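Colleague: Could you take me through this model and tell me what stands behind the words you use for it?

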Amino acid sequence: MPPKKKNQQEDDLGAMRAARFGRVKNTLAMGFVGLPNVGKSTLTNILAGANHAEAANYPFCTIDPNVVQCIVPDKNFQYLADTFKSPSVIPAALKVTDIAGLIRGASEGAGLGNAFLSHIAAVDGIYHLIRAFDSDEVVHVDDSVDPIRDLETIQGELCAKDSATLASVLENEMNRVRKEKGLSRSSTNFKLSEVFTEAYEKCKKLLDSNTPIQTGDFSAGEVDVIKDWGMITTKPQIYVVNLSQKNFIRKGSKWLPKINQWVNEHGGGQIIPVSCEFEMKLFDMKDDADAQKKFLDECTEEAKAAGLKGPQAEVRSMVPRLIRAGRQALCLQSFYTAGPKEVRAWTIMKGTLAPQAAGVIHSDFERGFIKAEVCAFEDFKALHQGEASMAKIKEAGKYRQEGKLYVMQEGDIVVFMHNTTTAKKK
């Protein structure tokens, strides 16, 4: 396997850092968060490839969180499907929740705030969607377009909610220590643990500056403590900027530098410019490949006319990048099983060991794990010579046997060997 490029290594480290407070499981979900009418439902519909949400121009049109499954774009998986031509082909999917819009005061119950904040707490990562386009047809809840004000509003509400949670965490910890030491409820003549105190002070400082907790520097012990506090801003965030089609094509907006500056001043994070207007037009042509190509070519010509050159002038959908970024933020990856009956991509967390990966297929596979027969996708592609089998890979010595301590890699093609026997009746 070729070594990772420096930027990719940095992205991987950043993703692992952002996801360190998260749940360790394979069925994690991203959620769209933002003010009403910024494009959350529209983008959710596009990500899912179908109109699952009511994308209406009306605040709170999505009352309950709308959950969709987004197919993960994966050229390697498609290559395996084309090679094996199995009757059953099951790609990986990313779960995305469309959460109704927050407004100022949501942390205190304004609008539908309390319910929405609980919906945010139920997801594992956040797509923070910001409106940066003008339109007389799409009303803004604050009557004007100002992405920086909107960022302050949403981040402020999330941090305010966490500040209230943090106050409860402190009180509960003090009560626990009082009970443990047999002290009265009014007693303050005692010390909390050093790791708790450090974690608490760092979190409070971040929240007081309207900065997500997940951007802070914490020791492993502090992370373990904070995990149990149920804080919203420990979740990894991706900032998604919804531009007009014109600005998206020419890759420019007066708001983008200001948004970039704001994000950097609040702990940093990935920023992805999109255009729901552009994506909806492209999506509406999904059944006509020629029309899609013509539309994209016209957009590319418009970009060139605006002064863009080379690859920068190419206009394409941002949906694949959004889905991949969500997976990376949650530290998820895929391994494959491939054969004459089925080709399937299985989702696991980065760092998963072979027995636990086997358990994703069936609990018996983990319980009776013997070994994993593994081939890297790149080795398969380079060596199989058109055959839908591992024969050539085995001949080249690239078909490996791995044990219980093997850490699964992105794109592994695997056969798990297992032996489970039922207990004899007494």
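Modeller: Let's begin with two helices: the axes of helix α2 (residues 40-48) and helix α10 (residues 276-284) come within 10 Å and cross at roughly 35 degrees. This is a predicted model, where local features need pLDDT of at least 70, side-chain atom pairs count only at pLDDT 80 or more, and totals for chains, interfaces and linings use all residues. Residues are numbered from 1 along each chain as its sequence is written, and side-chain values use heavy atoms, with hydrogens and water left out.

Colleague: What makes something a helix or a strand here, and what is an axis?

Modeller: Helices (H or I, at least four residues) and strands (E, at least two) are DSSP runs, numbered from the N terminus. Axes are lines fitted to C-alpha atoms, for helices over the stretch in contact, with angles from 0 to 180 degrees between N-to-C directions.

Colleague: Is the crossing of α2 and α10 left-handed or right-handed?

Modeller: The α2 and α10 crossing is left-handed; that word applies if the near helix is turned anticlockwise from the far one by less than a right angle. On the α2 side, the contact is made by Thr42, Leu43 and Ile46, and on the α10 side by Cys276, Glu279 and Met280. Contact means heavy atoms within 4.5 Å.

Colleague: Why is Glu302 called partly exposed?

Modeller: Buried means under 20% relative accessible area and exposed over 50%, with partly exposed in between (1.4 Å probe, protein chains only). Glu302 has a relative accessible area of 37%, so it is partly exposed. Glu302 sits in helix α11 (residues 289-305) and, leaving aside neighbours within four places in sequence, is in contact with Lys246 and Ile249.

Colleague: How do you know that the buried residues of α7 line one face of the helix?

Modeller: In helix α7 (residues 220-227), the buried residues are Glu222, Val223 and Ile226. Seen down the axis of α7, they fall within an arc of 100 degrees, so they line one face. That arc is taken from the directions from the helix axis to the C-beta atoms. What covers them includes α6 (194-208).

Colleague: Why is strand β10 described as largely enclosed?

Modeller: Of the 8 residues of β10 (residues 369-376), 6 are buried, so the strand is largely enclosed by the rest of the structure.

Colleague: Which strands pair with β10?

Modeller: Two strands pair if DSSP finds at least two bridges between them. With strand β12 (residues 412-418), β10 has 7 bridges in the antiparallel sense, and Ala372 stands opposite Phe416. Strand β11 (residues 400-402) is joined to β10 by 3 bridges, also antiparallel, with Gln401 as the bridge partner of Glu373.
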